[in-house]
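Me: I would like to go through this model in questions and answers. Let us start with the core and then turn to the domains.

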Amino acid sequence: MALIAILPGDGIGPEVTAEARRVLEAIDPAFGFETEPVGGAAYLEYGQPLPPQALELAKRADAVLFGAVGDPQFDALARPFRPEAAILGLRKELGLFANLRPAKLFPGLEDASALKREVAESIDLVIVRELTGDVYFGEKGQRTTADGEREGYDLMSYTEGEVRRIARVGFETAMTRGRKLCSVDKANVLETSQLWRDVVIGVAADFPEVELTHMYVDNAAMQLVRNPGAFDVIVTGNLFGDILSDQASMCAGSIGMLPSAALNGSGKGMYEPIHGSAPDIAGEAKANPCAAILSAAMLLRHSLGRGDDADRIEAAVADALRDGARTADLGGSLSTGAMGDAILSKLG
Ligand SMILES: NC(=O)C1=CN([C@@H]2O[C@H](COP(=O)(O)OP(=O)(O)OC[C@H]3O[C@@H](n4cnc5c(N)ncnc54)[C@H](O)[C@@H]3O)[C@@H](O)[C@H]2O)C=CC1
Ligand SMILES: CC(C)CC(=O)C(=O)O
Ligand SMILES: [Mg+2]
């Protein structure tokens with residue numbers, strides 16, 4: 001039976017992964033689970049954010065459910081010791097270059113969206129974010145200039161191979177949906193983006209049925225709130241995808257609603273809400289577990305070949321929301337556990 005690694009992390013990570021685990025257990029009591037601390041929790045216990053046993057578990061498991069990492073108490077540490085090094089390390093070590101971040105508005109959440117109802121209703125898109133390159137993984141540091149000033153730097157770069165493989169995921173995703181792909185870059189200013197655009201255009205030849213457009217990232221940020229329904233699939237780099245997906249979440253009601261799948265083409269994947277550890281609400285049982293529960297659904301679909309069970313979970317979330325189940329971020333008062341209960345009660 002499938003082994004699911006749970007890496008809860010910090011802040012609300014353990015709170016929301018606990019609810020996702022309950023849902024997975026309800027789907028199939030035979031699933032095996034193993035848990036290891038990562039992030040700040042692992043730093044406190046083992047002196048490093050991604051201990052070898054956590055990485056080993058992630059490699060051994062059939063799929064990984066990740067919570068979130070980070071806490072201000074660790075912000076002064078050297079970068080390799082900061083909690084965020086855990087998630088970056090897992091993505092790199094597992095080769096998880098493709099991050100699918102679907103954003104759609106569940107019926108009933110129109111009023112939770114930051115947009116007008118008729119604009120919010122139209123959002124149903126997937127951001128395909130490159131996940132193992134860009135400024136997050138380029139050479140970085142701080143140095144002193146000849147004038148004695150401190151200078152920080154983070155190198156942005158993409159090889160054509162890296163762009164080609166994420167572009168293919170973008171086109172393939174578009175083929176399963178509305179066959180429209182918007183590649184988001186900043187090619188008017190950045191050489192990295194010019195190469196990105198050239199390579200995406202090259203890959204388009206293999207997907208003649210997909211309508212390809214290009215958009216600068218600043219315009220994309222604007223269009224996402226002006227008319228999100230115009231997008232079907234967005235393919236973009238690591239940094240732009242990170243930012244645009246947080247923005248898309250508020251079009252869809254809350255950052256607590258958006259799940260994600262980080263894939264490497266082998267069937268192995270890491271599944272996590274797009275949000276962080278939310279230190280401002282951690283420990284208060286206020287976190288919305290929907291993003292984590294919907295990430296568990298993506299795990300079933302993409303790593304375990306159980307699309308029907310994924311559909312059941314997504315339907316249960318939709319039913320609970322339709323009945324008015326709401327955590328505070330959605331304007332309600334349910335605790336994290338009560339929201340989990342509401343979803344479990346709809347699983348049938
Ligand atoms: N994948 C990961 O592990 C990520 C980790 N982080 C880390 O998380 C820490 C906090 O970062 P922030 O910028 O504050 O981003 P965040 O996503 O943790 O929180 C942003 C805001 O959204 C709210 N929020 C987030 N998730 C929620 C949920 N499920 N239910 C209700 N409200 C929710 C928070 O309360 C906060 O007001 C930092 O240390 C950061 O580095 C940030 C993003 C991703
Ligand atoms: C914490 C960062 C490394 C990543 C992030 O914000 C994200 O993946 O959404
Ligand atoms: Mg982010």
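Me: Which residues touch the most other members of the largest nonpolar core?

Reply: A nonpolar core is a set of buried Ala, Val, Leu, Ile, Met, Phe, Trp, Tyr and Cys residues joined through C-beta atoms within 7 Å. Buried means that 20 or more other C-beta atoms, placed from the backbone, lie within 10 Å of the residue's own. The model is predicted: local features need pLDDT of at least 70 and side-chain atom pairs pLDDT 80 or more, while totals for chains, interfaces and linings use all residues. Of the 108 residues in the largest such core, those touching the most other members are Val-64, Val-128, Ile-234, Tyr-271, Ile-293, Ala-296 and Val-317.

Me: How are residues and chains labelled, and which helix gives this core its largest share?

Reply: Residues are numbered from 1 along each chain as its sequence is written, with chains lettered from A and ligands numbered from 1 in the order written. Helices are DSSP runs (H or I, at least four residues), numbered from the N terminus. The largest share of the core, ten residues, comes from residues 290–302, helix α10.

Me: Which domains each supply at least three residues to this core?

Reply: Domain bounds come from an automatic or database domain assignment. At least three core residues are drawn from each of domain 1 (1–99 + 278–348) and domain 2 (114–251).

Me: How far apart are the centres of domain 1 and domain 2?

Reply: The centres are taken over C-alpha atoms. On that basis, the separation of domain 1 and domain 2 is 25 Å.

Me: How many residues does each domain bring to the contact?

Reply: Two residues are in contact if their C-beta atoms, placed from the backbone, lie within 7 Å. Domain 1 contributes eight residues, and domain 2 contributes eleven.

How values were computed:
A residue is buried if 20 or more other C-beta atoms lie within 10 Å of its own, exposed if 12 or fewer, and partly exposed in between; C-beta atoms are placed from the backbone. Helices (H or I, at least four residues) and strands (E, at least two) are DSSP runs, numbered from the N terminus.
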